[in-house]
Amino acid sequence: MQRSPWARTWRKMVTDAHQILADRGEEQIPAGTTLHTLHHTCASLLIRQGKAVEVVPKRPGHPAGH
């Protein structure tokens, strides 16, 4: 899997989300938010919800050796 197609898709999703959020008067996605940021946010939320730190890396989509 190449990173660039995902990065382009992510940028499009952020652009679309910004429009939706602006229409609702809600806060925008912080500048510089990447798929990698989203990945770590997900892990942090799982830990916050009480998932064991050892379990979080076993969630689907976690790259090996990361």
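View 1. D16 is partly exposed because its relative accessible area is 35%, a value between the cut-offs for buried (under 20%) and exposed (over 50%), taken with a 1.4 Å probe and protein chains only. K12 is partly exposed too, at 48%. Their side chains form a salt bridge, with N and O 2.9 Å apart; the term stands for a side-chain nitrogen of Lys or Arg within 4 Å of a carboxyl oxygen of Asp or Glu. The structure holds one salt bridge. An α-helix has 3.6 residues a turn, so residues three or four places apart point the same way.

This is a predicted model, in which local features need pLDDT of at least 70 and side-chain atom pairs count only at pLDDT 80 or more, while totals for chains, interfaces and linings use all residues. Residues are numbered from 1 along each chain as its sequence is written, and side-chain values use heavy atoms, leaving out hydrogens and water.

**View 2. W6, L35 and L38 make a nonpolar surface patch.** The patch covers about 280 Å², an area from the Shrake-Rupley method with a 1.4 Å probe, where for residues only the protein chains shown count as cover. Patch residues have over 30% relative accessible area and no salt bridge; nonpolar side chains (Val, Leu, Ile, Met, Phe, Trp, Tyr) are joined within 5 Å, and like charges within 9 Å. W6 lies in helix α1 (residues 3-24) and is partly exposed at 44%. L35 belongs to helix α2 and is partly exposed at 36%. The C-alpha atoms of L35 and W6 are separated by 8.5 Å, although the two residues are 29 apart along the chain. Leaving aside residues up to four places away in sequence, L35 touches W6 and W10, with contact meaning heavy atoms within 4.5 Å.

View 3. Helices here are DSSP runs (H or I, at least four residues), and strands are E runs of at least two, numbered from the N terminus. At the start of α2, a side-chain oxygen of T34 comes within 3.3 Å of the backbone nitrogen of H36. After α2 comes G50, with a positive phi near 100°.

Technical notes
A polar contact is a pair of N or O atoms within 3.5 Å; within protein, one must be able to donate a hydrogen and the other to accept it, and residues adjacent in sequence count only if both atoms are side-chain atoms.
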